[in-house]
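Dear colleague,

Please find the structure below, handed over for your records. My findings follow directly after it.

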Amino acid sequence: MTQPAALPADWRDLYALTKPGVMRLVVFTGLCGLLAVPVLPPFALGFTAILCIALGAGACGALNQWYEADIDAKMRRTAKRPLPGGRMDRQSALHFGVGLGVFSVLLMGLATNWLAAVLLAVSILFYVVVYTMWLKPRTAQNIVIGGAAGAFPPLIGWVAATGQMAPLPLLLFAIIFLWTPPHFWALSLFVRSDYAAAGIPMLPVAAGIASTRRQIFLYSLPMAAAAIAPWPLGLTGAVYGIVAAVLSLAFVALALPVLTNRASEPAGMKPEKRLFAYSIFYLFALFAAVVADRWLP
Amino acid sequence: MRADDEELIRGRQRQRARIMALLLGAFVILMFFITMAKTGLNW
């Protein structure tokens, strides 16, 4: 019988290697950063900037799966990915990830500007080297610092369009940076046994469930403040301000039952599941509000 | 290597070659539009 790894990888597996689900949120926040600029770039350049952000995110996904193939095999949630599933060899994943990453950075630099390209390169290296290789297997604070990698897209989108940094995209960076821990810890609470089995020191494994719930609630407060801040600072109008206030209050209101929940089994973690689902909607809606505020008369 | 294994590998290679051809074609078109935009010839 032919060994699966001896076959050239199927294109569907290469696509799965890019983590399309994660890429959607990255592309959306990058697009919103680009659409929030005072003067839009030509369509071809804006399109290329978003394409490069998507390819860079795909490179991160591929290199993450290349490095964590052994860990993925131990977790139910990830065991069927192309590498642990035996449908692709690790070298192909490495070549695909590096190729995609280098291509995305070079294309970004040539099409838009080299500051955007450097930011894209930093975000890829930060995710792969700092988060995946260094922090994730070592510290329970992995997602707090590593989450910065996912906060880059709106900043990259803005810089690709304008060539310079500004307070609004830096605040959008801060919002995603502060949103990542409560979002990810809500998930890690109800898949805690997976992380424990794989030996990853996620907060619920390293510090316990009660401490994680406290941290989720505490992080939701500065996150809400950062989300509302662009309005009083005069960087956005009332449309964004009101939407951000309502969405952020709802986030904190959903984090409260997580704080008071005492369940230790996934079956009793409805508040955590609700907060996780809402956190995805929250980020989409918040960034959509940034664009709406910029373009609505 | 059995004949059906070889056929499977050839099939995968053909499929990937087709996708690479499409992507290269799309890249050429993208570079054309980037050049137009960078030189200020927007239409």
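In this predicted model, the centres of domain 1 of chain A and domain 2 of chain A, taken over C-alpha atoms, are separated by 22 Å. Domain 1 covers residues 1-165 and domain 2 covers residues 167-297 of chain A. Each domain of chain A contributes 27 residues to the contact between them.

On the side of domain 1 of chain A that touches domain 2 of chain A, at least two residues each come from α2 (20-35), α4 (69-74), α7 (142-146) and α8 (148-162). The most is given by α8(A), with seven residues. By class, this side of domain 1 of chain A comprises 18 nonpolar, five polar and four charged residues.

A helix pair in chain A also deserves mention. The axes of α9 (residues 167-190) and α12 (residues 209-228) of chain A come within 9 Å and cross at roughly 155°. Because angles over 145 degrees count as roughly antiparallel, α9(A) and α12(A) are roughly antiparallel to each other. The crossing of α9(A) past α12(A) is left-handed. Residues making this contact include A:Leu178, A:Trp179 and A:Trp185 of α9(A), together with A:Ile216, A:Tyr219 and A:Met223 of α12(A). The contact of α9(A) with α12(A) has 17 nonpolar and three polar residues, and no charged ones.

Finally, the contact between the chains takes 10 residues from chain A and 14 residues from chain B. On the side of chain B that touches chain A, eight residues are nonpolar, three are polar and three are charged.

With kind regards

Terms used. Residues are numbered from 1 along each chain as its sequence is written. Chains are lettered from A and ligands numbered from 1 in the order in which they are written. This is a predicted model: local features need pLDDT of at least 70, side-chain atom pairs count only at pLDDT 80 or more; totals for chains, interfaces and linings use all residues. Two residues are in contact if their C-beta atoms, placed from the backbone, lie within 7 Å. Ala, Val, Leu, Ile, Met, Phe, Trp, Tyr, Cys and Pro count as nonpolar, Asp, Glu, Lys and Arg as charged, and the others, Gly among them, as polar. Axes are lines fitted to C-alpha atoms, for helices over the stretch in contact, and angles run from 0 to 180 degrees between N-to-C directions. Helices (H or I, at least four residues) and strands (E, at least two) are DSSP runs, numbered from the N terminus. Angles under 35 degrees count as roughly parallel, over 145 as roughly antiparallel, 65 to 115 as roughly perpendicular and the rest as oblique. A crossing is left-handed if the near helix is turned anticlockwise from the far one by less than a right angle, and right-handed if clockwise. Domain bounds come from an automatic or database domain assignment.
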